[in-house]
Amino acid sequence: MSAFLTLYRRELSLAWGRGGGALMACGFYACIAALVPLAVGSEPERLRAVAPGVAWIALALSTLLSLERLYERDYEDGTLDLLALGPAPLAAVAAAKGLAQWTAGGLPLALAAPVAALMLGAPAAMAPLVFAAALVGGLGFAFVGAMGAALALGARRGGVLIALVVLPLFAPPVIFGAGALHAFSEGLNWGPGFALLAAYSLAAVALTPFAAAAAVRNALD
Amino acid sequence: MVFGLANPQRFLSVTRHAPAILGGLAAILFAVGVWLSFTAPEDYQQGDTVRIMFVHVPAAWLSLMVYAVLGGASFFALVFRHVLADVAARAAAPLGAAFTALALVTGSLWGRPMWGTWWEWDARLTSVLVLFLFYLGYMALRASIDDEAKAGRAASVLALVGLINLPIVKFSVDWWNTLHQPTSVLRLDGPTMTADLLAPLLVMAGAYTTLFLALWITAIHGEIRARRAAALQLKAAGRA
């Protein structure tokens, strides 16, 4: 357990990067949110209709930003070999990376998401749900993204490949999260969509570290 | 049986004539299926357009079946290190992607006269499109890693993770309100189609399946021979 905590602290400090990691992700998020009215037209009704969905899509895309260097960094300087030989199982290393991605990147994005949604015209009552859904969904995005980064380790054109591999896997949480937000905005029950979103994130936390560990082992030998 | 065929030489000798036999069978089934498709009665609502179903539905069935084959082969490759399973998975992926693209295109052609639109973002169409993207992601990952063995293992992990999408595609028409036709053939209560429309559908499904098997085995043969050729080249270069 202490090995996991040490790993987590290390990954967190790397992902946080003295504020750089989190702020860049939030900046990217703000840029997408700013481009949407330019693309869609600034009529309030039209923006209000797409606000929840856009907030969600931008969240998924912002998660992809920091994935390419997640394993490359350690692979290049030999740290990953040491981690593979160390006391903690590789699945714990993968889980620590995923958790650090979520803490350093997903939490600030979850704070930015309601702001963006409100600026795009979503009703103020939706803000807490947007924050909660971004928090829970961000966990799933971070872990699945970390697994994608492990799979693409050692490949050419890593960044785009990770996106191509991971975005189809992002489809269920996008469907459920945006579905919950749309249900809320129409006065329907948002519980089932949110529950399915949480189920996806928890399944990602439970299962993807093992897939990522298998991929890392494959890339190392 | 699966492990009996793990030896490439044995596989080649056992399936030497399989592509020709299966190809001939597929040709016969296609001939019968097309004839049955054109002589089947008109649908009372859709008229003659219903005949696209005999091309569209088997393609969609194959797209799911080939992904299941891909997942199974990846499982054998990853867990049992079955020598030919990796080759089989690699061979199956482009075929599956082609069947999925065929299902999407023929479905679009059918949707235009029936629903008045070329495309609709309902649950079934979106999940099949996502399935197509899964195939593309698999092929991209395979192609991007230079070491053949490493690429195979990473792609196997990805294929297994993607298996979650299969039940979502199959049951999407039941779980969500969609424009697409709900399940009418593989149901617990039995098919809701009459025999005169079900027969051409099943014959065409058989034709598509034998065609897939013929092409798949041909591709596996090709891959085995390509690897042998590469090994011989290396050996010759070593001697020179």
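Of the 240 residues in chain B, 38% are buried, where buried means 20 or more other C-beta atoms within 10 Å of a residue's own, exposed 12 or fewer, and partly exposed in between, with C-beta atoms placed from the backbone. This is a predicted model in which local features need pLDDT of at least 70 and side-chain atom pairs count only at pLDDT 80 or more, while totals for chains, interfaces and linings use all residues. Residues are numbered from 1 along each chain as its sequence is written, and chains are lettered from A and ligands numbered from 1 in the order in which they are written.

Chain B has eight helices and zero strands; helices (H or I, at least four residues) and strands (E, at least two) are DSSP runs numbered from the N terminus. Along the principal axes, the C-alpha atoms of chain B fill a box of roughly 70 × 35 × 30 Å. Of the contacts in chain B between residues at least 6 apart in sequence, 76% join residues at least 24 apart, a contact being two residues whose C-beta atoms, placed from the backbone, lie within 7 Å.

In chain A, helix α2 (residues 20-40) has 21 residues and reaches 30 Å from first C-alpha to last, close to the 30 Å expected at 1.5 Å a residue; the expected span is 1.5 Å times one less than the number of residues. Gly21(A), Ala22(A), Ala25(A), Tyr29(A), Ala33(A) and Val36(A) are buried in α2(A). They lie on the same side of α2(A) because they cover an arc of only 110° around the axis, the arc being that of the directions from the helix axis to the C-beta atoms. α1 (2-16), α3 (44-64) and α6 (90-119) of chain A are among what covers these buried residues. The face turned away from the buried side of α2(A) carries the exposed residues Gly20(A), Gly27(A), Cys31(A), Ala34(A), Leu35(A) and Leu38(A). After α2(A) comes Gly41(A), with a positive phi near 95°.

The axes of α6(A) and α10(A) come within 8 Å and cross at roughly 115°. These axes are lines fitted to C-alpha atoms, for helices over the stretch in contact, with angles from 0 to 180 degrees between N-to-C directions. Residues of α6(A) in this contact include Leu90(A) and Gly98(A), and those of α10(A) include Phe210(A) and Arg217(A).

Between the chains, 17 residues of chain A are in contact with 15 residues of chain B. α10(A) gives the most to the side of chain A that touches chain B, with five residues.
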